[in-house]
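Trainee: I would like to learn how to read the interfaces in a model with several chains. Where do we begin?

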Amino acid sequence: MKLWNEGDPIADKAAPDGPIETRWERRQFGAKLVNPANRRKLTVIVVGTGLAGGSAAATLAEAGYKVRSYCYQDSPRRAHSIAAQGGINAAKNYRNDGDSVYRLFYDTVKGGDFRARESNVYRLAQVSVNIIDQCVAQGVPFAREYGGLLDNRSFGGTQVSRTFYARGQTGQQLLLGAYQAMERQIAAGNIEMHARHEMLELVVVDGRARGVVVRDLVTGEITTDFADAVVLASGGYGNVFFLSTNAKGCNVTATWRAHRKGALFANPCYTQIHPTCIPESGTHQSKLTLMSESLRNDGRVWVPKRAGDDRKPADIAEDERDYYLERIYPSFGNLVPRDIASRAAKNVCDEGRGVGPGGLGVYLDFADAITRLGRPAVEAKYGNLFEMYQRITGEDPYVTPMRIYPAVHYTMGGLWVDYDLQSTIPGLFVIGEANFSDHGANRLGASALMQGLADGYFVLPNTINDYLAAGPYPAVAADDPAVVSARASVEDRISALLAVDGDRTVDSFHRELGHIMWEYCGMDRTEQGLTKAISLIRALREEFWTRVKVPGTGEQLNQNLERAGRVADFFELAELMCVDALHRTESCGGHFRAESQTPDGEALRHDDAFSYVAAWEFTGTGEPPVLHKEALGFEYVHPTQRSYK
Amino acid sequence: MHWTNRTFGPSVGLVAVLTAPSRAVPRKRASSVGLKLVMAASGLLLVLFLFAHMAGNLKIFVGAASFDHYAHWLRDIGTPLLPRTWYLWLQRVGLTAAVVAHIASAAVLARRARAARPVRYAHRPKVQGSYAARTMRWGGVIILLFVVFHVLDLTTGTLNPVGDAQHPHANVVADFAPSRWYVTLFYTLAIVAVGFHLRHGIFSALRTFGQQSPRGEHRARAIALVLSVVLVVGYLSVPFAVLSGLVS
Amino acid sequence: MDITLRVWRQAGPTERGRMVTYLVEDISPDASFLEMLDVLNERLILEGDEPIAFDHDCREGICGMCGMMINGVAHGPERATTTCQLHMRHFKDGDTIEVEPWRAAAFPVVRDLVVDRSAFDRIIQAGGYITAPTGAAPDAHATPVPKADADAAFEAATCIGCGACVAACPNGSAMLFTAAKVGHLGLLPQGQPERDSRVSGMVAAHDEAGFGGCTNTGECTTVCPKGIPLTLIGRLNSDYRKSRTGRGR
Ligand SMILES: Cc1cc2nc3c(=O)[nH]c(=O)nc-3n(C[C@H](O)[C@H](O)[C@H](O)COP(=O)(O)OP(=O)(O)OC[C@H]3O[C@@H](n4cnc5c(N)ncnc54)[C@H](O)[C@@H]3O)c2cc1C
Ligand code: HEM
Ligand code: HEM
Ligand code: SF4
Ligand code: F3S
Ligand code: FES
């Protein structure tokens, strides 16, 4: 059985060439402008109100476009970006520690394991500087020093301090800034906000993205909305694993529906697994909570040397413990990058040395730090995290070592976009975590917030002009066949989900799908496992459509119906993720193929064969997708193999 | 809600300024924060009166003559600049305006509060806030009833067994005679109610005027407690002194 | 552990609601309150009943989406905790727990425990922002902000907009929520130009939405999962007075 076909290569035609420092400037200059009077006649739909969507909507509205925004939560302020803790990178070099746009660019390309576009990353680094200015002007209360200037910290293993933060709530503060800017535009009548609305279909008319089909989650009413351009800012799809650090509602539906309508989906298999999460405590577990990475600065990771040792940690003597990160990676020790720390934890647990319920956990021990620095110092640094841990687990980490385990955290893949952030469907722009653009195979800590805001405040509002300058596009007729069929497909799907009336709940399917994905498409992937996963997923999808039970009707607030639709899309995505993971027989960034490792167990890239973006074309549910390769060139940062030994 | 247009008294200008709907978002409702400011200002005016009145009352311990003289002096304040009793009437008008403004804003806010929670909770344990804070509205009503009775009792003398306006000392002593224990009881209840009202009221008024530091919050609560206790003790000392025969 | 739940069930905004009793058995003390409801819902679905609707998203205490009255206390018995962060170990085996939606005229019930909090967005629309058009910002270091002010602003800015303050306030007032935003922006130099119009606009929108006035009861701060301090209401009052009388500025 053929799992995929290869199609023509694809290229990013919008990307300027020439010196990298001036590419963005030249692209902006090359773009057509829209005069202010015409802007009022142009409408943009923005799906999503996270950092990407919120900042884009506010900026476009300010520029004079008519914006209509959608989110599934009850208020735009609750988008999942709110949960980001650590911080946001920017090449301000306020520390004078040798940071620069070029260094941020370099670190990001390298951190992405040489699977990102240089042009995009360079622009991201350039724009990062403006983001901080913009946010401060909006009143984002970043941490400051006694002199009144902004504080920075180093984050995610970088050697410079370029991370701006607002205690452990950076995402919240940045999002509130964007949300407030949005609310100002809502009050001014420039944004029409539709909260508790879910986009269920993209409307493509004459080859252009012209609108969306949405469901009012309160009344169940299905409506169509048309515009001159559509922007998707619907976030990541980590929830395909059921258990992840993402919010419960995070979903792939918006982007998947666009994918089904012709937008290519790039690098779906690149998932970031975060090493420091609170482990699962039982079958009731509904999501996992991230503990800040900063804990690894002072905590020591260990497991018992002997498999099956279930004594209390305090009873395990020093020489019976294996501080495995310090042992395997003597120079980086507990501070190795996320993917390496995650995989090492999985390995020791696979050896039966894991701790806690189900043996899925490793200790993160602060005993040394407490002796060395004193409890008050540890408290000052990590007090709130310890409290959070204690609240969730009921254990006191000052006394008993914390238990941590890796969990799915971020998805680098997403809809394929060009330098203008436009997908393969003209008029469909994709920003934030929903696109694939800037992080390559792995994302550096504190760079997702940066990318979301770069896209929303600075990149999209410039590049979309070029597209809108040719507008207004002809009005879409409500009885246009494309509209009628888009609407009908939404209605049919809802009736189909309600009609099954089987004997299994949506969550039970989602949980099972998550297990399959975690087992075979998680931290460690093999050809055999992925092939097996694909057949398991297909079987489960069939079962879903014959046995799922969705109570209630479509004309009410029906949270199970919402979930059912999302899980149905996750099934299709899951399969594509496995296909992507299967075809990429190298290890890179967040993708580790067991077949491709160095003799001592490290990830091994194959630049000659895989230095490309894998952009997948949809051909039908269960049909082999078509692979389009976008070759990646590295003129500035030359690929090297990572080593943390 | 345009009751403010109908109020009179010296504070009318302030009332209008504080409660006028916002310029930024022109709306029809009087501002709730403005109403609170009116309530706090009028409330504090009433507190001032209570202190002055208490000081006067305590003269009863100096002697009957002194107490009666005080009552006469009240009517002479301002003479010869003002005709006799004019000051007293000015004070009465001021107090009435304050009471009207106070009660009217309390009523508007109470009605809004009720409308803000049309469906009650099926299960509601005792709220965490202090007893004093929870009984502001009923406490206020008790005080109002008391003042009506009190004025008929000791100012007009209508309800007083002696009722001699020239000799308030005699009126007071007659009032709290042991045989009229129920009057003493009512006074006691009312004064305790005033105490509770002010224990939260004074703190609340300071907060309404903008007290905003955590240290200040402790101080404001302490001030409220001390002032209320002083008032309650000061006021209660009179009836109990009469009751116990200390004053006769 | 076994729990008896009494939950408010209401099919829609205009339907009549009532408390319904359910027995939830064999719940792990490590489960969160919402996970306990998940378990119950799974059972209800299979039994052919409609599951209990409740709002939630992040499940880690930051989005502000969750929230219900648990035994008459907003977000339940633990201090500084959202409903999603509340764990069953804080209850006893055999307990009866009553669960109701936030009750306020400005927060109409949508279904079961889900309420409409869009009034909060309207309060923000009336001035809860700093006008800073994209791209026009000066360098972030152009205006130093004293650390104390920045910290205080941050403290106020941590409000998650959950609505527990309204649910708990005997007056159904949203003054703590409003004060948090007025305080956050008013404490920063960037927020000064709009300080007067912000406070009067937001208070007007607050009143217009049908929230009650604040009488400094202090219930709100007790249940606030982020511990937004009551002193911010004093700050709002002071700002409001100055915006009206023009004194001091
Ligand atoms: C726990 C956690 C901590 C993190 N910490 C950091 C950090 O410290 N630094 C960092 O840089 N990054 C961090 N990240 C990553 C970062 O937060 C996200 O990648 C980023 O916020 C995504 O923003 P976004 O705007 O693309 O999407 P989101 O914020 O996820 O917004 C998605 C929006 O789309 C809407 N939506 C989705 N689907 C639909 C639909 N079908 N119909 C209508 N609307 C829809 C949602 O309502 C929402 O408004 C963290 C992530 C997690 C999970
Ligand atoms: C035991 C305590 C009290 C005593 C002995 C007392 C005594 C008196 C007396 C003798 C007068 C008449 C004064 C005069 O007209 O010359 C008077 C008037 C008055 N008292 Fe009291 N009083 C007491 C408590 C209170 C309290 C608690 C209040 C308010 C809450 C109050 C409010 C008033 C008012 C409003 C007047 C009318 C003032 C006026 O004529 O303008 N009194 N009181
Ligand atoms: C006559 C009937 C009265 C009624 C119905 C009444 C009612 C109220 C109410 C409802 C409040 C607001 C409660 C709160 O803030 O929690 C209040 C506050 C207050 N009252 Fe009264 N009251 C009355 C009399 C008085 C008197 C006689 C005094 C003083 C001597 C007084 C002093 C105050 C003060 C200082 C406040 C605080 C204002 C604020 O909250 O900012 N009140 N009153
Ligand atoms: S002030 Fe506290 S209780 Fe009120 S909405 Fe904000 S976080 Fe929730
Ligand atoms: S409980 Fe209500 S009365 Fe004020 S102090 Fe809080 S808003
Ligand atoms: S679900 Fe986000 S705060 Fe509880």
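Mentor: Begin with the polar contacts between chain C and chain B: 22 residue pairs are in polar contact across that interface, counting pairs with both residues at pLDDT 80 or more. The pLDDT condition applies because this is a predicted model.

Trainee: Which elements of chain C supply at least two residues each of the side that touches chain B?

Mentor: They are β5 (96-100), α4 (164-168), α6 (195-208), α7 (219-223) and α8 (231-245) of chain C. The largest share comes from α8(C), with 12 residues. By residue class, this side of chain C divides into 23 nonpolar, 21 polar and 10 charged.

Trainee: How many salt bridges does the rule find across the interface of chain C and chain B?

Mentor: One. C:Asp207 pairs with B:Arg112, and their closest N and O atoms are 4.0 Å apart. The cut-off matters when reading that distance, because a salt bridge is defined as a nitrogen of Lys or Arg within 4 Å of a carboxyl oxygen.

Trainee: What area do chain C and chain B bury between them?

Mentor: About 4,000 Å², with 53% of it on carbon and sulfur atoms. On the side of chain C, the residues that lose the most area to chain B are C:Glu208, C:Asn216 and C:Arg244, together 16% of what that side buries. In terms of contacts, 54 residues of chain C meet 50 residues of chain B.

Trainee: Now take chain A and chain C. How many residues of each are in contact?

Mentor: 76 residues of chain A contact 76 residues of chain C. The area buried between these two chains is about 6,100 Å², and carbon and sulfur atoms give 53% of it. In chain A, the residues losing the most area to chain C are A:Arg78, A:Arg144 and A:Arg391, which together make up 12% of what that side buries.

Trainee: What is the count of salt bridges between chain A and chain C?

Mentor: Four. One of them joins C:Arg117 to A:Asp74, with the closest N and O atoms 3.1 Å apart. Polar contacts between chain A and chain C number 44 residue pairs, again with both residues at pLDDT 80 or more.

Trainee: Which elements of chain A supply residues to the side that touches chain C?

Mentor: Those supplying at least two residues each include α3 (51-63), α5 (118-138), α11 (375-393) and α16 (559-583) of chain A. The element that gives the most is α6(A), with nine residues. The residues on this side of chain A divide into 27 nonpolar, 29 polar and 20 charged.

Technical notes: Residues are numbered from 1 along each chain as its sequence is written. Chains are lettered from A and ligands numbered from 1 in the order in which they are written. This is a predicted model: local features need pLDDT of at least 70, side-chain atom pairs count only at pLDDT 80 or more; totals for chains, interfaces and linings use all residues. Side-chain values use heavy atoms; hydrogens and water are left out. Contact means heavy atoms within 4.5 Å. Buried area is the accessible area (1.4 Å probe) that two parts lose on being put together, summed over both. A salt bridge is a side-chain nitrogen of Lys or Arg within 4 Å of a carboxyl oxygen of Asp or Glu. A polar contact is a pair of N or O atoms within 3.5 Å; within protein, one must be able to donate a hydrogen and the other to accept it, and residues adjacent in sequence count only if both atoms are side-chain atoms. Helices (H or I, at least four residues) and strands (E, at least two) are DSSP runs, numbered from the N terminus. Ala, Val, Leu, Ile, Met, Phe, Trp, Tyr, Cys and Pro count as nonpolar, Asp, Glu, Lys and Arg as charged, and the others, Gly among them, as polar.
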